[in-house]
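Dear colleague,

Please find below the structure that I am handing over to you. I would ask you to look at it first and then to read the notes that come after it.

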Amino acid sequence: MLKVDLHIHTVHSDSPLVVADVARRARRAKVVAGICDHLSPYHKMFEAAAFDAYVADVREHGLLLGAEYCVGEEIPVDDDRLAELDYLMGGVHAVSVDGKKRFFWGTELPNDEDAFVTAYMELTLKTLAEDSLDVLAHPTYLPVPLNHRYDDVWDERRCGELWTAAAERGVAVEISGRWLVPGERQIKLALEAGVTFAVGSDAHRRAELFGVEYPRQMIERLNIPEERIFLPRRKKT
Ligand SMILES: [Zn+2]
Ligand SMILES: [Zn+2]
């Protein structure tokens with residue numbers, strides 16, 4: 001099985017990893033690696049000059065060039081620049097409930113869990129319908145205080161809606177080595193819905209690089225065929 005990791009963060013956003021080091025390690029481990037730094041108002045890369053430096057650095061080291069934008073936030077560079085990327089990932093990192101933005105990290109429990117889940121679903125479906133993304137990052141991830149309800153939240157009905165939309169729009173569903181989502185049952189439903197899958201570690205430090213054991217396990221166990229694994233085309237070498 002081809003070793004792939006399309007979700008690696010570096011010094012260009014919120015990780016101490018440098019691109020040259022990732023490239024060296026990818027060569028050694030024979031991994032097809034993609035850098036996918038945050039492109040958002042909350043990280044370093046929020047204007048054109050920083051983006052251009054990022055593109056130059058990743059290209060210089062011959063890695064696949066991606067970026068992860070925050071779903072629901074404006075992308076801080078123009079379409080011409082975005083078109084330079086080999087792939088674009090969208091990740092839901094916050095959901096607005098009752099006009100209040102709730103970020104996913106932290107341990108505070110959403111006051112109204114159902115309203116939170118509804119808003120999460122709506123935002124994800126809107127993204128799939130309207131945005132031009134290639135990969136949906138860590139879909140179905142739930143904030144820690146809600147995670148004990150994972151299988152109830154991501155039942156057949158919600159998964160059916162999500163995965164059908166992803167399949168129709170040709171948006172790959174990431175299987176996240178870091179967050180261990182989607183769950184096996186949810187991946188099975190996605191497979192039946194006809195989606196393509198992307199493999200990513202969401203690595204932010206060296207020990208997490210190429211940490212794609214979970215997606216590899218799922219691919220093997222559920223017999224996901226190779227043609228259903230997303231591999232971006234390199235726009236420049
Ligand atoms: Zn993310
Ligand atoms: Zn990420």
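This is a predicted model: local features need pLDDT of at least 70, side-chain atom pairs count only at pLDDT 80 or more; totals for chains, interfaces and linings use all residues.

Residues are numbered from 1 along each chain as its sequence is written, and chains are lettered from A and ligands numbered from 1 in the order in which they are written.

The chain contains 8 helices and 9 strands; helices (H or I, at least four residues) and strands (E, at least two) are DSSP runs, numbered from the N terminus. Its C-alpha trace spans about 45 × 40 × 30 Å along the principal axes. Of the 237 residues, 42% are buried, that is, 20 or more other C-beta atoms lie within 10 Å of the residue's own, whereas an exposed residue has 12 or fewer and a partly exposed one falls in between, with C-beta atoms placed from the backbone.

Helix α1 (residues 19-29) has Val19, Val22 and Ala26 as its buried residues. Seen down the axis of α1, these fall within an arc of 60 degrees, so they line one face of the helix; the arc is that of the directions from the helix axis to the C-beta atoms. The face turned away from this buried side carries the exposed residues Arg24 and Arg28. Just after α1, Lys30 takes a positive phi of about 55 degrees.

Yours sincerely
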